[in-house]
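Keep the sequence and the 3D view open side by side.

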Amino acid sequence: MTFEVKNGGFRYHGEREILRDVSFQVKDAEILSVLGANGAGKTTLMKCMLGLLRWTSGASFLNGKDVRTLKSKAFWREVGYVPQAKLPSFVYTVGEMVVMGRSSHLGELSQPGEKDWQKVDECLKTVGIFHLKDKLCSRISGGEYQMALIARALVSDPSLLVLDEPESNLDFKNQRIVLDTISWLCKEKGLAAILNTHYPEHAVEISHKALLLFPDGTSLAGDAKDVIGEKNLEKAFDVPVRICTIDLPEKKYTCVLTLPSSVQHKKTEELYEQHE
Amino acid sequence: METRNVKNTIWVVGTILVIVLLSIVAIMLGRYQLTFQEIWSAFTRTGEISDMADNVIFNIRLPRVLIALLAGAGLATAGGAFQAVFSNPLAAPDTLGVATGASFGAVLGILFGLPSLLIQSSALAFGLLAVGLVYFVGRTKGGASPVMLILSGIVISSLFSALVSLVKYSADPQDVLPAITFWLMGSLSSVTRETLYTGAPFLLVGILLIFLLRWKLNALTLPQEEAQSLGIPVNQIRAVVILGASMITAAAVSMCGLIGWVGLLIPHIARMLFGNNNKYVIPASIGFGAIFLLVIDTVARCVSASEIPVSILTAIIGAPFFILLLRRTGGFRL
């Protein structure tokens, strides 16, 4: 499986470009992290590459074929999407929620059968929440709900997982669980993954590739270690950044530190001057 | 899974039995009392039966019972479907202005003194016209979003309700206005076999469409893009479900006027008992809706010398029942 975006660009009608000339590629067992400030277009990029929004220029390709030419069901059998965790207005049990992921394998009038429920059990075990199958989604923790959504993406047997800020709003331990699960899926099952994240450390740690979105709509893609550097991060997030390495016996870990920003103060002062 | 299947079977069989039993009781009751013997011989075509009894059963009671069952099942199904499509527990069959449109059609027919069949057709036509208008107004690029549909539904609905007021204003207060007012409160008193033949096909097709798509309704309650990412043609399915629910509502209003509450009450009762999974909510709504309206209508025609409008009873009986259930089950699942 290869998934590729070539020269993708996007703008809402009559507005400035949000994404400009974005290109990247992921293959089996590879993880790509997408980083960028709030409003830089991370979620927009995700929607565009999945065909939920239309690219204004460029295109995305699955196994070399333009995504727009693929049948929707065929595409969503290959790609599992994990949205930002939000409870719907009608709450279902974890099992009912996860089995919806089988839709891409079912006809419009058919309902999940024995085989589909077996798949659900299997995927719930994979992400370690099988014991919650009959619980309501509103009665489990945020971390557990996130795992349920990952399980829902997995039941369609995809070869690519796309996750929108999977570890946001979670505590340390649950962040760990989510990250470890994604890593494990890629290493053991050979899945590719693309994820949006606000944590450069996570990107360095689990991903092979990184894509950094800058406020002006341009982007930088490449090996995670090359892309996530002090200069690039400062440009993308508009704050001073220091990167340090912690040498632990088993592995080297990267820490990303932001410093108090003088940039922000200066901007406010400039604004006042303009008013006077 | 096993125990669940057994439980489901018991519910389905039980509900069907209750429907049959209540239908027989409803045919027996009324100003012209019938015995079970007479009904039995009328249906099996054995034994002696008076022409009078035969006439009452096949031309009056049976059509009325069938319409009550169908309209109740239909309105509850349409309510459940609209609630899912708009992922809003407060949606009801008249959310998109179908009921108001159909009322206008009927009221207009009554004003011009049309025969009942034409009144019914006019109601059906205006009901479907209303939802067509709503779709046209609420359509944006790439399909109609639920919020836009609800908004344009409110607009079209208030437009038609103004037109209904206009008709009432210009109607003769001696005889036409009371007829209109009574019709608007909902009643099955004027139904005949022809009413059934004209309305039932729309109701049945609508119910069938929603029944077949019931599991997909779950996905429709998710945010649009999330549902799309499951590989579901969201816009198409939503359009089909709205069409089905609108056919049901327009047909129900055209047969028995405005009947409130059923579409809101029954699906929620189903949810309290079986959870939010529409795979169970829709069949349960069909069964409970049929039972509920049959009981209400039978009470409406038997309890006093003159018939009580159905909408009054649905609220008077429905509200306490709903409150009781709310207390007993601790509300629906949030």
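Val34(A) has Asn196(A) as its bridge partner in β8(A). This is a predicted model. On another strand, β9(A), Val34(A) stands opposite Leu211(A). Both pairings belong to strand β3 of chain A, residues 31–36, so look there next.

β3(A) pairs with strand β8 of chain A, residues 192–196, in the parallel sense, over four bridges. Ser33(A) faces Leu195(A) in that strand. Five bridges join β3(A) to strand β9 of chain A, residues 209–213, and this pair also runs parallel. Here Leu32(A) stands opposite Lys209(A).

How many residues of β3(A) are buried? The count is six of the six, so the strand is largely enclosed by the rest of the structure. Burial here means 20 or more other C-beta atoms within 10 Å of a residue's own. Both faces of β3(A) are covered. Ile31(A), Ser33(A) and Leu35(A) are buried on one side. Leu32(A), Val34(A) and Gly36(A) are buried on the other.

Strands of a sheet pair through backbone hydrogen bonds, either parallel or antiparallel. In which sense do β9(A) and β10(A) run? They run antiparallel, joined by five bridges. Leu211(A) has Ala221(A) as its bridge partner in β10(A). The hairpin of these two strands has five residues between them. In that hairpin, Gly217(A) takes a positive phi near 95 degrees.

β9(A) is covered on both faces too. One side carries the buried residues Lys209(A), Leu211(A) and Leu213(A). The other carries Ala210(A) and Leu212(A), also buried. That is five of the five residues, so β9(A) is largely enclosed by the rest of the structure.

Turn to helix α1 of chain A, residues 42–49. Its buried residues include Lys42(A), Leu45(A), Met46(A), Cys48(A) and Met49(A). These cover an arc of only 165 degrees around the axis, which puts them on the same side of α1(A). Just after the helix, Gly51(A) takes a positive phi of about 80 degrees.

Asn7(A) is found in strand β1 of chain A, residues 2–10. Is this residue buried or exposed? It has 12 C-beta neighbours inside 10 Å, so it counts as exposed; the cut-off for exposure is 12 or fewer.

Asn63(A) also has a positive phi, near 50 degrees, without being a glycine. Asn63(A) is found in the loop between β4 (57–62) and β5 (65–66) of chain A. With 11 other C-beta atoms within 10 Å, Asn63(A) is exposed.

Next comes the contact between the chains. Chain A gives 25 residues and chain B gives 25 residues. Which helix gives the most to the side of chain A that touches chain B? It is helix α2 of chain A, residues 72–78, with four residues. By class, this side of chain A has 12 nonpolar, eight polar and five charged residues.

Finish in chain B, at helix α11, residues 234–256. How far apart are its end C-alpha atoms? The separation is 33 Å. At 1.5 Å a residue, its 23 residues should span 33 Å, so the two values agree. Of those 23 residues, 17 are buried, so α11(B) is largely enclosed by the rest of the structure. Gly257(B) follows the helix, with a positive phi near 75 degrees.

Terms used. Residues are numbered from 1 along each chain as its sequence is written. Chains are lettered from A and ligands numbered from 1 in the order in which they are written. This is a predicted model: local features need pLDDT of at least 70, side-chain atom pairs count only at pLDDT 80 or more; totals for chains, interfaces and linings use all residues. The expected span of a helix is 1.5 Å times one less than its number of residues. Two strands pair if DSSP finds at least two bridges between them. Two residues are in contact if their C-beta atoms, placed from the backbone, lie within 7 Å. Ala, Val, Leu, Ile, Met, Phe, Trp, Tyr, Cys and Pro count as nonpolar, Asp, Glu, Lys and Arg as charged, and the others, Gly among them, as polar. The arc is that of the directions from the helix axis to the C-beta atoms.
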